[in-house]
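The following exercises concern a single protein chain. Each task is followed by a solution in steps.

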Amino acid sequence: MNSLAHPDTRSATPLAPPALSIKGLTKTYASGFQALKRVDLDIARGEIFALLGPNGAGKTTLISIVCGIVNASTGSVTVDGQDIGLHYRAARAKIGLVPQELTTDAFETVWDTVSFSRGLFGKGRDPAVIERVLRDLHLYDKKDNQIRTLSGGMKRRVLIAKALSHEPEILFLDEPTAGVDVELRRDMWRVVRGLQQSGVTIILTTHYIEEAEEMADRIGIINHGEIVLVESKTELMRKLGKKQLTLQMTQPVDAIPASLAPYGLTISADRRSLVYTYDKASQGGIDAMLNDLGRTGLRFTDLATHQSSLEDIFVGLLEPTR
């Protein structure tokens, strides 16, 4: 595995105690399947943390343990310093969970279902809190509507409202925009950023790489129950993001001249382009490569650059472990 893929589980703000701290967490089911293998992870207060991984990687198991739905085999989880095993109620009250599935009573009104969720955590009736949550999520004008009358995007907002009804400090979003069209997805991103600005720590799982690239402060990649990498988005792109320089040639190229071999150039399928792949460390080699190219007599008419996306990095990291 690439040495850069070793986990860096330090908090994004190491001087402040983390909002969520996971140490040595494992989960082995009765069948013998090991869903989690010694997961260590700290989530900083107020950050948006994206957890990425293929199906079956352990994302849902990890969330379920932190939220008290599944018991860990070994390890510990503390929420704002409260151990979820020793102080379950206090720790769980600090967490809101937005599940992927739309699991609310279709015939309840928006107001009633959100108010009921607040009561589940032992919080007293507080119409002002419910009103604020609904207004923040642009749901207040739908407060008397039955859930079944709402659009898919509005139903997902109701799930967020239910999760926020008891005023948690940490919000888990499990595939928050699954099945939502692009316009609503971007609208949801604005909602999440607003929650972060209000001080809520957000952990999201997503299959949409663009979602993590757009929103996350840090990104964690999990595969086969292990944290493969934890890194700030900016640092991850800096370390692992590759660039490609594509040169459109005046004539088809049949072979790379020997003098250009050190640059690792490749020829496109139609033989009309040469592609040079480089990273930040080797960026200075472009001038040398172009000079050496000119000496061969090969000429190009145009050039274009391409930066690796987070999806490219994600696939590249997981490929060796599959």
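Contact means heavy atoms within 4.5 Å. The model is predicted: local features need pLDDT of at least 70 and side-chain atom pairs count only at pLDDT 80 or more, while totals for chains, interfaces and linings use all residues. Residues are numbered from 1 along each chain as its sequence is written, and side-chain values use heavy atoms, with hydrogens and water left out.

**Exercise 1. Determine where arginine 157 lies, whether it is buried or exposed, and which residues it contacts.**

Step 1. Arginine 157 belongs to helix α5; helices (H or I, at least four residues) and strands (E, at least two) are DSSP runs, numbered from the N terminus.

Step 2. Buried means under 20% relative accessible area, exposed over 50%, and partly exposed in between (1.4 Å probe, protein chains only). Because its relative accessibility is 4%, arginine 157 counts as buried.

Step 3. Neighbours within four places in sequence are set aside; arginine 157 is then in contact with Leu137, His138, Leu139, Asp187, Met188 and Val191.

**Exercise 2. Summarise the protein chain as a whole: its secondary structure, burial and contacts.**

Step 1. The chain contains 10 helices and 14 strands.

Step 2. Of its 322 residues, 44% are buried.

Step 3. Among contacts between residues at least 6 apart in sequence, 70% join residues at least 24 apart.

**Exercise 3. Identify the members of the largest nonpolar core that touch the most other members.**

Step 1. A nonpolar core is a set of buried Ala, Val, Leu, Ile, Met, Phe, Trp, Tyr and Cys residues joined through side-chain atoms within 4.5 Å.

Step 2. The largest such core has 39 residues, of which Leu137, Ile160, Leu171, Leu173, Leu195, Ile202 and Ile219 touch the most other members. Helix α5 (residues 152-164) supplies the largest share of this core, 6 residues.

Step 3. Not counting residues up to four places away in sequence, leucine 195 touches Ile160, Leu164, Leu171, Val200 and Ile202. Another core, of 28 residues, lies apart from the largest one and includes Leu20, Ile22, Leu62 and Ile84.

**Exercise 4. Describe how α3 packs against α4.**

Step 1. Axes are lines fitted to C-alpha atoms, for helices over the stretch in contact, and angles run from 0 to 180 degrees between N-to-C directions. The axes of α3 and helix α4 (residues 127-136) are 10 Å apart, at an angle of about 120 degrees.

Step 2. Angles under 35 degrees count as roughly parallel, over 145 as roughly antiparallel, 65 to 115 as roughly perpendicular and the rest as oblique. α3 and α4 are therefore oblique to each other.

Step 3. From α3, the contact is made by Val110, Trp111, Val114, Ser115 and Arg118, and from α4 by Pro127, Val129, Ile130, Glu131 and Leu134.

Step 4. Ala, Val, Leu, Ile, Met, Phe, Trp, Tyr, Cys and Pro count as nonpolar, Asp, Glu, Lys and Arg as charged, and the others, Gly among them, as polar. The residues of this contact divide into 7 nonpolar, 1 polar and 2 charged.
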